[in-house]
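Reader: Hi, I'm new to this one and would like to be walked through it. Could you put it up on the screen for us?

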Amino acid sequence: MPKFHVEKSIYIEATQEKVFKILNDFSTWTTWSPWLIMEPGAKVIVSDDKKSYEWKGEKVGSGKMKITKEDENKSIDIDLTFLTPYKSTANVWFELKQKDKGTTVTWFLDSSLPFFMFWMKKMMVAFLGMDYRRGLEMLKDYVEDGEVHSKLTFTGPGKYPGCSYIGIKTECAIDDIGHAMQADFDTLGAYIKDKPDLVNGQPLAIYHKWELVKGRTTYTVAFPVKSIPTNLPNGIISGSVPSTPIYTLSHQGPYRHLGNAWSTMQNLARNKVFKMNKKIDPFEKYISMPGEVADNKLKTEVNFATK
């Protein structure tokens with residue numbers, strides 16, 4: 001049985017006591033779980049003492065968790081059992097350490113894959129690592145602000161009319177995507193600043209490749225345009241997105257939570273809610289931009305071309 005290990009950490013501006021109280025109460029997990037946000041209708045049963053938890057969903061599978069050991073304000077041990085889509089068990093635990101006036105929370109998992117899935121080991125670590133990052137970001141919101149600043153709206157099937165665009169194509173580490181994309185949009189914004197009649201729609205980010213195991217991505221940030229200018233400066237390219245049917249998931253909240261929308265779309269595709277057209281790269285459309293509204297009000301559409 002191929003064994004694997006996952007661990008991710010985050011700093012939360014709150015005392016160890018406050019973080020511990022939330023983590024060892026499973027009734028709070030429905031608010032910040034990185035999996036339940038993908039299927040709000042999943043059935044969840046929390047025990048009366050809040051120390052065990054069962055879930056069952058069409059898209060997130062089924063399983064149960066139970067707290068087996070607690071070291072007050074320092075650590076929590078959990079037994080995790082997956083029942084579907086395949087049976088497996090895992091040891092999960094949290095460690096809390098004081099840092100400055102806050103707490104560093106580390107989320108661990110030790111588990112193994114069925115022997116016939118040995119080839120999935122690296123991918124599983126990458127997938128679960130991203131899930132843990134998403135969960136910790138939402139936990140941070142919940143502990144610090146009392147709510148999670150990430151809301152999904154399942155918009156569903158639609159039609160994208162297509163566009164011509166100018167853009168900047170970049171390959172970078174997934175962890176660096178926020179800074180890289182901001183720099184690219186700044187460069188594009190400077191180019192179109194004195195060309196107000198050129199832009200023809202809301203800005204996009206087109207994702208050409210996700211290499212989760214390597215932790216890298218390739219994307220193009222773009223502005224739809226009425227026509228492609230001649231003599232584009234070095235580094236600025238042109239291209240097009242064809243007219244296509246799409247499936248859309250809308251996200252409201254800071255960009256650091258956009259992984260919730262992408263993970264949900266991948267989950268929907270795996271569960272055949274829609275059939276992806278892999279010849280057209282998925283893309284984000286920015287309904288609002290930073291500076292126009294507060295980060296918690298930013299609206300972004302994630303669109304997958306469909307057949």
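Predicted model: local features only at pLDDT ≥ 70, side-chain atom pairs only at ≥ 80, totals over all residues.

Reader: Switching to the inside: which residues touch the most other members in the largest nonpolar core?

Author: Those are Trp32 and Val105, in a core that counts 72 residues. The element that gives the most to this core is helix α3, residues 121–145, with eight residues. There is also a second, separate core of nine residues, and among them are Cys163, Tyr165, Leu204 and Val241.

Reader: What is Val105 in contact with, leaving aside its neighbours in sequence?

Author: Setting aside neighbours within four places in sequence, the contacts of Val105 include Ile10, Ile12, Val19 and Leu23, as well as Phe94, Leu96, Leu136 and Leu139. Lys8, Ser9 and Glu95 are in contact with Val105 as well.

Reader: How do the axes of α1 and α3 cross?

Author: They come within 11 Å of each other and cross at roughly 120 degrees, and the crossing is right-handed. On the α1 side, Lys18, Val19, Ile22 and Leu23 take part, and they meet Leu139, Tyr142 and Val143 of α3. The residues of this contact divide into six nonpolar, one charged and no polar.

Reader: Now the loop between β1 and α1: is Ala14 there buried or exposed?

Author: Ala14, which has its place in the loop between β1 (3–12) and α1 (16–23), counts as buried because its relative accessible area is 8%, and buried means under 20%.

Reader: What does Ala14 touch, then?

Author: Not counting residues up to four places away in sequence, Ala14 touches Val19, Lys101, Gly102, Thr103 and Val143.

Reader: And how far apart are Ala14 and Met123?

Author: In sequence they are 109 residues apart, and in space Ala14 and Met123 are 33 Å apart, taken from C-alpha to C-alpha.

Definitions and conventions
Residues numbered from 1 in each chain as written. Heavy atoms only, no water. Core = buried A, V, L, I, M, F, W, Y, C linked by side-chain atoms within 4.5 Å. Buried < 20%, exposed > 50% of the residue type's maximum accessible area, 1.4 Å probe, protein only. Helix = DSSP H or I, 4+ residues; strand = E, 2+ residues; numbered from the N terminus. Contact = heavy atoms within 4.5 Å. Axes fitted to C-alpha atoms, helices over the stretch in contact; angles between N-to-C directions. Left-handed = near helix turned anticlockwise from the far one by under 90°. Nonpolar A, V, L, I, M, F, W, Y, C, P; charged D, E, K, R; others polar.
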